[in-house]
Amino acid sequence: MTNLRIGHGYDVHRLVEGRALILGGVSVPFEKGLLGHSDADVLTHAVMDALLGAAALGDIGMLFPDSDETWRGISSLVLLEQVGCRLRTEGFGIVNLDTTVLAQAPKLSPYRVRMAENIARTLGIDPSCVSVKATTEEGLGFTGEGRGIAAHAVALVERTK
Ligand code: MG
């Protein structure tokens, strides 16, 4: 039997005025930001759910409920670090992560490498093991209309014990 396990994460946050736009721990200059209980880093949230899914350890709503004031305004990288620790404790190593951010604007290509580096550093893995991609949805749907940003993530993990 293989020790490899795959997980998928998906998240959406609404774009509103008066909030910073944080993606993969990078503050991206834009006229709007994502609304949420934490910093609403939709990319990092998708990554956490992919990792938790691969290890069958639940989801971020279970680990960090938005009814808990502890997590208000917190950097999602802090939460990601805890997810990484949880996986290690449960005997899982991270093989690689692949992600896609769906946003009509702003253009994310200048920030992709920094986002991947932040995620990799937080998880203690090599930056070459983290891929951050971005696409628009051609003006269609809620991302295309600029009402929100979505992110998908796929994680491969390996049981190490
Ligand atoms: Mg979220």
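1. Start with the α3/α4 pair. In this predicted model, the axes of helix α3 (residues 76-89) and α4 come within 8 Å and cross at roughly 45 degrees. Axes here are lines fitted to C-alpha atoms, for helices over the stretch in contact, and angles run from 0 to 180 degrees between N-to-C directions. Helices (H or I, at least four residues) and strands (E, at least two) are DSSP runs, numbered from the N terminus. α3 and α4 are therefore oblique to each other; the scheme is under 35 degrees for roughly parallel, over 145 for roughly antiparallel, 65 to 115 for roughly perpendicular, and oblique for the rest. The crossing of α3 past α4 is right-handed, a label used if the near helix is turned clockwise from the far one by less than a right angle, with anticlockwise being left-handed.

2. Who touches whom there? On the α3 side you'll find Leu77, Leu80, Glu81, Gly84 and Arg88, and they meet Asn118, Ile119, Thr122 and Leu123 in α4. Contact means heavy atoms within 4.5 Å. The residues of this α3 with α4 contact split into 4 nonpolar, 3 polar and 2 charged. For the classes, Ala, Val, Leu, Ile, Met, Phe, Trp, Tyr, Cys and Pro count as nonpolar, Asp, Glu, Lys and Arg as charged, and the others, Gly among them, as polar.

3. α3 has another partner, helix α1 (residues 42-54): the two pack at an angle of about 10 degrees, with their axes 10 Å apart. That makes α1 roughly parallel to α3. From α1, the residues Thr44, His45, Val47, Met48, Leu51 and Leu52 meet Ser76, Leu77, Leu79, Leu80, Val83 and Leu87 in α3. By class, this α1 with α3 contact has 9 nonpolar and 3 polar residues, and no charged ones.

4. Now the sheet. 5 strands make up an open sheet with mixed pairing, in the order β4-β1-β7-β5-β6; two strands pair if DSSP finds at least two bridges between them. β4 (32-34) and β6 (130-135) sit at the edges with a single partner strand each, so one side of each has no neighbour in the sheet. On average, neighbouring strands of this sheet are turned by 20 degrees against each other, direction ignored.

5. Which strands does β7 pair with? Strand β5 (residues 92-102) and strand β7 (residues 148-159) are antiparallel, over 10 bridges. Ile94 stands opposite Val157 in β7, and Asn96 stands opposite Leu156 in β7. Strand β1 (residues 4-17) also pairs with β7 in the antiparallel sense, over 11 bridges. Here the bridge partner of Ile6 in β7 is Leu156.

6. β1 and β4 run antiparallel and are joined by 3 bridges; Glu17 stands opposite Lys32 in β4. Helix α4 (residues 112-123) packs on the sheet and touches β5 and β6, its direction making about 145 degrees with that of β6.

7. Two backbone spots to look at. A cis peptide bond joins Ala105 and Pro106, with omega about -5 degrees, and Pro106 lies in the loop between β5 and α4. Ala40 has a positive phi of about 65 degrees although it is not a glycine; Ala40 belongs to the loop between β4 and α1. As background, most residues other than glycine have a negative phi, and most peptide bonds are trans.

8. Whole chain: the protein chain has 5 helices and 7 strands, and along the sequence the pattern reads β-β-β-β-α-α-α-β-α-β-α-β. The C-alpha trace spans about 45 × 35 × 25 Å along its principal axes. With 161 residues, a compact globule would have a radius of gyration near 15 Å, and the protein chain agrees, at 15 Å. That radius is taken over C-alpha atoms, and the globule rule is 2.2 Å times the number of residues to the power 0.38.

9. Housekeeping: residues are numbered from 1 along each chain as its sequence is written, and side-chain values use heavy atoms, leaving out hydrogens and water. Since this is a predicted model, local features need pLDDT of at least 70 and side-chain atom pairs count only at pLDDT 80 or more, while totals for chains, interfaces and linings use all residues.
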